Amino acid sequence: MAPRRLRIGFLSLLLLLPVLPVAGQYGYHFGRNKVQYEDFDWMVLHTEHFDIYYYPEMLELARQGAFFAEEAYRELQNRFNFSLNHRTPIIFYSSNLHFKQTNTTPGFIPDGVGGFFEFLKGRVVIPANGNLHRFRRVVRHELVHVFTYNKILRVLRDHRKPPDRFVPLWFTEGLAEYWSGPPDYQHEMVIRDALFANYLVPLPDIFRIYGSFVMYKQGEALCRFISETYGEEKLLRLIENVWVDRNFEKVMEYTLKEDYRTIGQRWEAWLKAQYYPHLEDVEAPSLLAGGVAVEGFNGKPDYFRFPDGTRKVYFVGNKTGYSNVYAVAVDERLRPVGEPEVLIHGERSDRFEAFHLLESRISISPQGKLAFVTQSGGRDVIHVYDLVADALGPTYEFEDLIAIYSPAWSPDGRRLVFSSIDRSGYSDLYVYHMDRGALQRLTDDPYDDRDPAWSPDGRWIAFSSDRTSEGRHGYYNLFTYDLETGHVRYVTFGKRHDFSPRWSPDGRHLIFTSTFQDSTGRYGPQDLWVADMTQALGDVPAVASAADPDATGAALRPATTRTLYRLTNLTTAAFDPVWTDAGNVLFTSFEGLRFTIRALTGLDSLLAYPKEKVDVDLARTGPSWAFGQVDLGEGGATRSPYKKKFKLDIAQGVVSQSPVLGTTGGAVLAFSDMLGDDHLFLTLYNTGSTRDDFLKSLSFSVARFQLHRRTNIGYGLYRFSGRRYDITDPDAPTEFPFVYETIYGGFGSVSYPISKFRRLEVSSSLNWSNKEIAIRNIDRDALLLSTGLSLVHDNALYHYNGPIDGWRGRLTLAYTTDVLYSNVSYFSLIADVRHYLRITSDVTLASWVMGRWNQGREARLYVLGGSWDLRGFPFLDVRGKKMWFTSHELRFPILKAPSVLFPILAPFGIANLRGALFFDAAHAWNDGYHDRVPEIFAGETLGSTGIGFRLNLFGAFVLRYDIGYRFRDGFSRRDKTFKQFFFGFDF
């Protein structure tokens, strides 16, 4: 895909400096910005085997993470029969929003990524999310990767094999999941769905789901199968035998002593024997409940009935690639009476930068106010939308809170309760009082409190938490918080995962989702349950007055048990149920690898005849729990401030042969610090053709780029000398633009991201230039000062072959002058806008309009031509100091998955075949608009039209083939037909 972060521009600038005085005039990029909103004060916690990087606000969490790491090290050391011979760096962030700012990886990190192991420096990078059990599991998961990687390197070294092979991703991720803990309920949900919906990918074809969430879970199931069928020791033997063959299939056959296909067939039979016997007892969500929103990804529903009787369901969804808030009108039985419409357009501006699709619910007050959460800058905010007035209301932002989840309204519409993570990394409950602008903290402890819901009478808040005594093992139960007394009481208890409680309109019941392990030890489906809230514990006061026990939230009877009713027995899972005003229920279902909104009616009947009825004993709840932490001080872990040290990332030598320039050689070295905040680049190369030219043609550059603050800074020094084939030099001969130039100088560059989608760039260079062109008898000296200012915007949505929605734009103004001799003095202006109109989900009209203008002494030439812009004309052969260009493409699908129809194509990674009807037009000129220079196609309007084909390989490369006619003289003359083959993503 196109460059996705601004740092790439710095490296582009560095590489272009040997050629161009102002690189921004000619080579530029778009891309969104990875913004460093926080200025972290890093510290290092040194344990026996690890260096833990953290910031002071999360010290307690870092100590727990260090404890988890040392705990996992002892276990994995035995599992792998191997010890690490170096200290492993682990970088912790207290929330996913902080994690997204890391510079240890150049790419963007989406929601849902729990951490990663980076090979270059052996770094492990992990965010917390308020859930200590998940945090512990991710630490173990990533350390399995550390041991696997180092064990394989040791095995190859011991067998004198080069490190040119590795095990497939399904095995590394599957092993990391399997050895990080027992299969969790998410694993069971995906495997059950894959089997019941028939999308389980056979072992020989598992490369088709490379890198997907399903691949992780299938890999985990495969590792569990190998362990239980062939023996746990075989997992280690697979790693120890990796030297046998580069093909891991052969390694598996050698280790397990069976044919690869037989292994896969046995695995499928093993899975089916576990799950298929339960098929007759379960029901698919699509058969049980009617669909409200079933196209695309949909979740987190809520319901509102307008004063005029209109009913609408609101939810967060992603149907086109952008996440939005949708609304769909429904009838009294919650059946849709129209298509969902977008209420809030997300992920196009900094105000609604990102939705947490799988993590944060929406809520509608009785007065018709919709509350929802988006990331806005470096933290989450709560937005309020007035559904009755159809207008966006206030936005609430809290200085000390980073991540916010699932706001819920009080009955009077004056307060919001939500869960939030502060800089310490722990998740607690908060109430915001809008009438007085006050934030009240309800809980303050290491437990994960989530999914709050206000009772209809306004006194109680139900929520899910691991603060139960079973929480040590990762179980969640439901609780109530008494706003009058501050007491927390159990609603459910046991080895269960109870989530997303919501009250019935009369306050008598609490609906929620729950899953638990069956007699086999596997988690069953995540079903809808209801708790009877007319029962209470001990001396909990009545919700309503004793004089009116039948009022909303009837008087509570003291009790030590709670009756729970199981309403469904699904194939997979239900999420986020919400009661409507008519006693029906909306919920999100997972089925066929899709999340859909469904409506369950006839709730009275389901309560009268539940699938299961359970009385939970709340008298034996037990004490709370706590994980251990590493000790600080004498004999324990030590702390120290982070000190920046540069280490080599890559060293690359290059030798090239050109019929024009001859043989050239060079090297590039890149260094960075442990946090990836500071980069050094050293380049050295030579274009001399003889030994005597070695020193004269020696070129080098030293550049540094600092990325740890919001404003990113780059600077450096360079010397470039040698022959160049420069088609942009106005002094070079048109037929053979060959020059010899020596440049000494330095540059500076500043990039300020206004938001994720927009930035300002300033670049400047000062260099001494001596240019020699023997053919034209030119020997020119100049002290060149070049300065450029750019405004860049990019909210485009990318797909397999290029952008399909949104728009990108760039406006650049630059000035280059000879401050010593006035030999050079010219202005540059570039305006470039690219718009993508989504006609249907698969068809896009892409439009590109660009103008470039250089004016003044020794103004350089711009270039066009080739498959990326003006098709039908030779690559970069259209040149001029001024030009305009436009291109329009109608992009459409031909085959979305060619390998499904033609399986023989699958090993070649062919993922997507699309077509494009195109029209290109351009005009370049130097002095007069119509002054022709035939050698460079200047002075006339050129164009082309035709059809193109795009084929994606392995999700990373796009092959392009265009066929069409090219036109001359303002489209008055059809010149000839052309065929062009190239590679690269669409504009």
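Reader: How does Asp-975 count by relative accessibility, as buried or as partly exposed?

Author: The general idea is a split by relative accessible area, where buried means under 20%, exposed means over 50% and partly exposed lies in between, computed with a 1.4 Å probe on protein chains only. In this structure Asp-975 has a relative accessibility of 25%, so Asp-975 counts as partly exposed. A word on provenance: this is a predicted model, in which local features need pLDDT of at least 70 and side-chain atom pairs count only at pLDDT 80 or more, while totals for chains, interfaces and linings use all residues. Residues are numbered from 1 along each chain as its sequence is written, and side-chain values use heavy atoms, with hydrogens and water left out.

Reader: Which residue meets Asp-975 in a salt bridge?

Author: Side chains of opposite charge can pair when their charged atoms come close. The criterion for a salt bridge is a side-chain nitrogen of Lys or Arg within 4 Å of a carboxyl oxygen of Asp or Glu. Here the partner is Arg-966, with 2.6 Å from N to O. Arg-966 has a relative accessible area of 7% and is therefore buried.

Reader: How many salt bridges does the structure hold, and how far apart are the N and O atoms of Arg-441 and Asp-422?

Author: There are 69 salt bridges in the structure, and the one between Arg-441 and Asp-422 has an N to O distance of 3.6 Å. That pair connects distant parts of the chain, since Arg-441 belongs to strand E18 (residues 438-441) and Asp-422 to strand E16 (residues 415-422), 19 residues apart. Helices (H or I, at least four residues) and strands (E, at least two) are DSSP runs, numbered from the N terminus. With 34% relative accessible area Arg-441 is partly exposed, whereas Asp-422, at 12%, is buried.

Reader: How should I read the geometry of aromatic pairs, and how many of them does the structure hold?

Author: Rings of Phe, Tyr and Trp (its six-membered ring) pair if their centres lie within 6.5 Å, and planes under 30 degrees apart count as stacked, over 60 as edge-to-face and the rest as tilted. The structure holds 65 such pairs. In one of them, Tyr-490 and Phe-493 have ring centres 5.5 Å apart and planes at 85 degrees, so the pair is edge-to-face. Tyr-490 is buried at 12% relative accessible area, and Phe-493 is buried at 15%. Trp-848 and Phe-987 form a tilted pair, with 5.1 Å from centre to centre and 45 degrees between the planes. This second pair links distant parts of the chain, 139 residues apart, with Trp-848 in strand E45 (residues 844-857) and Phe-987 in the segment after strand E52 (973-983). Both Trp-848 and Phe-987 are buried. Another grouping is the aromatic cluster of Phe-67, Phe-68, Phe-92, Phe-135, Tyr-447, Trp-625 and Phe-627.

Reader: Over which ring does the charged end of Arg-496 sit?

Author: A charge sits over a ring if NZ of Lys or CZ of Arg is within 6 Å of the ring centre and within 35 degrees of the ring normal. The charged end of Arg-496 sits over the ring of Trp-529, 4.6 Å from its centre, and that of Lys-257 sits over the ring of Tyr-254, at 4.7 Å.

Reader: Where is Thr-104 placed, and what surrounds it?

Author: Thr-104 lies in the loop between helix H3 (96-99) and strand E4 (116-118), and with 6% relative accessibility it counts as buried. Its side chain makes a polar contact of 2.8 Å with the side chain of Thr-102; such a contact is a pair of N or O atoms within 3.5 Å, where within protein one must be able to donate a hydrogen and the other to accept it, and residues adjacent in sequence count only if both atoms are side-chain atoms. Contact in the wider sense means heavy atoms within 4.5 Å. Leaving aside neighbours within four places in sequence, Thr-104 is in contact with several residues, including Ile-91, Phe-116, Met-674 and Leu-675.
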